[in-house]
Amino acid sequence: MRSRIAAVAAMVAVASALVLGGTVAPASAAADGVLVSRDGVTFAPTLDGGLFDGAGMLVPGQSVSRSLYIRNPSGSASALRVSIRNLVSTSTVFAEGVSLSSLDSVPGSTPVSQALSTLSPCDVVSSAASIAAGDTVKLTLTFTMADLTASVAQSDRASLDLMVAMRDAAAGAFSGSACRDDGTLLANTGSFRTVAFTGGSLPVPLIAAGGLLLGVGMFLIVARRRRQSEDD
């Protein structure tokens with residue numbers, strides 16, 4: 001009888017250990033999470049909208065930038081890698097005329113700058129071998145439009161997502177391909193479009209002709225009213 005009781009107790013102990021082990025695993029996984037912010041003050045597991053929401057339209061020869069703050073919330077040093085997902089552009093000309101630049105606050109990091117047309121899925125825009133527990137990295141993304149003229153790329157659009165992956169630095173470097181990264185997906189982070197008319201070569205003759213016709217029309221109206229007043 002005692003042997004049966006001992007066996008049951010042993011089984012209970014093993015089951016308890018398995019249950020405790022199952023509860024510990026999610027906690028360690030959560031330690032490898034990430035927190036993000038637009039202002040570096042208020043952090044959350046993800047953004048409430050796209051990073052470039054409200055940035056307006058791209059103008060030829062000008063740039064638009066936004067900063068993303070990434071914090072390591074774990075109790076140990078973590079490696080970071082930020083890569084591109086789901087890059088979409090409505091035209092090849094637009095993708096060739098707009099470039100993406102990234103610069104982070106990690107010491108020794110090299111800025112990245114490429115035309116959208118040369119970017120591939122899972123291309124890395126920021127990486128760090130080790131971020132101390134509780135530390136924050138500032139990543140600045142900039143979209144620059146070339147000095148396109150006339151109707152080139154007018155009203156075109158582009159968008160992309162960002163994968164922010166963080167893992168325990170003690171586990172070693174990330175795998176060779178960022179496509180295998182598992183982290184926080186910031187959907188539609190870059191979403192912008194060009195102005196309806198990209199400028200540069202304005203249709204001056206057409207504008208001048210329109211102004212002339214408007215002036216002639218106003219002259220005829222004034223002359224007609226003057227004749228009517230004289231007749232009265």
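1. The structure holds two salt bridges, a salt bridge being a side-chain nitrogen of Lys or Arg within 4 Å of a carboxyl oxygen of Asp or Glu. In general terms, side chains of opposite charge can pair when their charged atoms come close. The model is a predicted one, in which local features need pLDDT of at least 70 and side-chain atom pairs count only at pLDDT 80 or more, while totals for chains, interfaces and linings use all residues. Residues are numbered from 1 along each chain as its sequence is written, and side-chain values use heavy atoms, with hydrogens and water left out.

2. Helices (H or I, at least four residues) and strands (E, at least two) are DSSP runs, numbered from the N terminus. R38 is partly exposed at 33% relative accessibility, whereas D48 is exposed at 70%. For these terms, buried means under 20% relative accessible area, exposed over 50%, and partly exposed in between, with a 1.4 Å probe and protein chains only.

3. The other salt bridge joins D181 to R81, with the closest N and O atoms 2.8 Å apart. This pair links distant parts of the chain: D181 belongs to the loop between β8 (157-168) and β9 (184-193), R81 to strand β3 (residues 78-89), and 100 residues separate them. D181 is buried, with a relative accessible area of 9%; R81 is likewise buried, with a value of 9%.

4. The model has one disulfide, defined as a pair of cysteine sulfur atoms within 2.5 Å. The disulfide joins C122 to C179, with an S to S distance of 2.0 Å. The link of C122 and C179 is right-handed, with 110° about the S-S bond. C122 sits in the loop between β5 (112-115) and β6 and C179 in the loop between β8 and β9, so the pair ties together parts that are 57 residues apart in sequence. C122 is buried at 11% relative accessibility, while C179 is partly exposed at 46%.

5. As to overall architecture, the secondary structure comes to three helices and nine strands. From the N terminus on, the elements follow the order α-β-β-β-α-β-β-β-β-β-β-α. Of the 232 residues, 31% count as buried. Among contacts (heavy atoms within 4.5 Å) between residues at least 6 apart in sequence, 78% join residues at least 24 apart.

6. Five strands form an open sheet in the order β1-β2-β7-β4-β5, with antiparallel pairing. Its edge strands are β1 and β5, each of which pairs on one side only. Two strands pair if DSSP finds at least two bridges between them. Neighbouring strands of the sheet are turned by 20° against each other on average, direction ignored; the axes are lines fitted to C-alpha atoms, for helices over the stretch in contact, and angles run from 0 to 180 degrees between N-to-C directions.

7. Within this sheet, β2 (residues 63-71) and β7 (residues 136-145) pair in the antiparallel sense over nine bridges. S65 has T142 of β7 as its bridge partner. Strand β4 (residues 98-104) also pairs with β7 in the antiparallel sense, over seven bridges. The bridge partners in β7 are L139 for D104 and F143 for L100.

8. The largest nonpolar core has 34 residues, and those with the most contacts inside it are I70, L80, L100 and F143. Such a core is a set of buried Ala, Val, Leu, Ile, Met, Phe, Trp, Tyr and Cys residues joined through side-chain atoms within 4.5 Å. Two or more residues come from each of β2, β3, α2 (92-97), β4, β6, β7 and β8. In soluble globular proteins, nonpolar side chains tend to be buried together.

9. L80 deserves a separate entry. Not counting residues up to four places away in sequence, L80 touches I70, S126, S127, A128, I131, V137, V164, A165, M166 and F174. S130, placed in strand β6 (residues 124-131), is 50 residues from L80 in sequence and 7.2 Å from L80 in space, C-alpha to C-alpha. With residues up to four places away in sequence left out, the contacts of S130 are A77, S78 and A169.
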